[in-house]
Amino acid sequence: NLSLIAGALASESAGDTEMIKESLSTFSSHQYIDALCVQFADGTLIADGGRMPDYSALPSFSEAEENLPCISSGRFPGQEGENAEFLYQAVRVSFKGGTDAVLYGFTDLNSLPERFSTGLPYGGKSQLYIVDGDTGDFLMDTMHNFLGNLYDGSITSRTAMEGYDPEIMLEDVRSGREGYYVFFAGSEGEYYYTRYQPAGINNWSVELTVSEEVAFARVKEMNVIILIMGTVATAITLMYICVIFWKNWCRLKEKQEQIQQITFMFEVQQILFEAHQTQDLMVSALKRVAETVKAQGIFLMAAQNNRLSSKAAWYRTEDGFRIIEKEGDLKKDFPKVYQHLVKNQCVLYYRDRAAPFFSSEERELLDVLGIQSLMIASVMDTEGMRGVLCAANLEKYWDNCLYLECVAPSFMMALRNMESHQLAWDLAAI
């Protein structure tokens, strides 16, 4: 911008002081320029009359001309009472007629923080500094309302995070090297993270400082997201483990149930093996079934003369099991249940549950008989139903009739063996 102003002044005459002042006033306060002046070889100065630097501190024309274009190496003082410090940039200006001069553009250091505040990183929550590495003077400080010095001991007096050394940081700034530094600000009660690197002008360094809360805000958001994802993944894993455990437990339980059923079936078969010779073994077998299915009563019925009538019935009392001699015809008394048994070979009935295969009359008859629940397993062959084994008033809820289904054929076989044995005895008696 200063080069553009110098180009505009080139059309003016070096001797037209008023016109030069007017042009300088026009360009003054343009962007980062707070004051302008022209220095001639004879030492004459023409200023815009705005905020006044201390022009007496300017280098001589010959000194300045040797380094053009140039920027002041550090803070440039203002006139007494201005309470201002400046930076200047100097370029050559050639007026009409071939007169050369030096054009100075001054920037008030106090105005820099306001000009940079809107473009700061992290949504304006960071602090920006420009430091002169030769002197340690701050040329810009967006955090404080004064310009201090980096080498005044304030940095070394603060607690640095482990792994960071303030002396290394200061030496880096002096030598124009880049790096990082983390320190604890007691007044704020948190750590501040600083990134510094050369500005590319003189021996200046640019520093960007941000608080830990701001610096790691996104990290915290990511941590929350990761935590949520981890929680979800853990929950899914636990659910998967629970499902696998549940399936394995169900398989194990099913295997145990099968082993128990097989063991139970063999026990009942062993008891019934000699039942045709000792009828008390039939009682023992029925007791064993009642104990296993936790039933109050056991009924054994067999098909005879197109009837399904009772062959034996035992009830459990306080004194143990006792036999009840009572005739009954399942096909006649419970026709709907009988039809269901022919098709499904199993009936489970609980008074407090729906039982569509029982008619209202059949349910009333069960209530009269004092039966609250039933488990019935039938034995079928090519000629139809050969018999049923029924457990009454169960102490627990069952999902199937497997325990009765696996031993019902054994009871039917034992009944046939008893009948055959009795027939043999009758024939022998003749």
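Student: How far apart do the centres of the positive and negative side chains lie in the protein chain?

Tutor: This is a predicted model. The protein chain carries 35 positive side chains. Its negative side chains number 58. The centres of the two sets are separated by 21 Å.

Student: What radius of gyration does the protein chain have, against that of a compact globule of 430 residues?

Tutor: For a compact globule of 430 residues, the value would be near 22 Å. The box around the C-alpha atoms, along the principal axes, is roughly 165 × 45 × 35 Å. The radius of gyration of the protein chain is 54 Å.

Student: What part of the contacts with a separation of 6 or more comes from residues 24 or more positions apart?

Tutor: The secondary structure of the protein chain consists of 12 helices and 18 strands. Among contacts in the chain with a separation of 6 or more, residues 24 or more positions apart make up 48%.

Student: Which cysteines form the disulfide?

Tutor: The structure has one disulfide. The cut-off is 2.5 Å between cysteine sulfur atoms. Here the two sulfur atoms are 1.9 Å apart, and the pair is Cys346 and Cys401.

Student: Where in the chain do these two partners sit?

Tutor: The link joins distant parts of the chain, 55 residues apart. Cys346 belongs to strand β16, residues 346–350. Cys401 is in the loop between β18 (384–394) and α12 (402–429).

Student: Are Cys346 and Cys401 buried or exposed?

Tutor: The link of Cys346 and Cys401 is right-handed, with 60° about the S-S bond. As for accessibility, both Cys346 and Cys401 are buried.

Student: Which cysteine sulfur is nearest to that of Cys37?

Tutor: Cys37 takes part in no disulfide. At 0% relative accessibility, Cys37 is buried. The nearest cysteine sulfur is 12 Å away, in Cys70.

Key
Residues numbered from 1 in each chain as written. Predicted model: local features only at pLDDT ≥ 70, side-chain atom pairs only at ≥ 80, totals over all residues. Heavy atoms only, no water. Helix = DSSP H or I, 4+ residues; strand = E, 2+ residues; numbered from the N terminus. Rg over C-alpha atoms; globule rule 2.2 N^0.38 Å. Contact = heavy atoms within 4.5 Å. Lys, Arg positive; Asp, Glu negative; His and termini not counted. Charge placed at Lys NZ, Arg CZ, Asp CG, Glu CD. Buried < 20%, exposed > 50% of the residue type's maximum accessible area, 1.4 Å probe, protein only.
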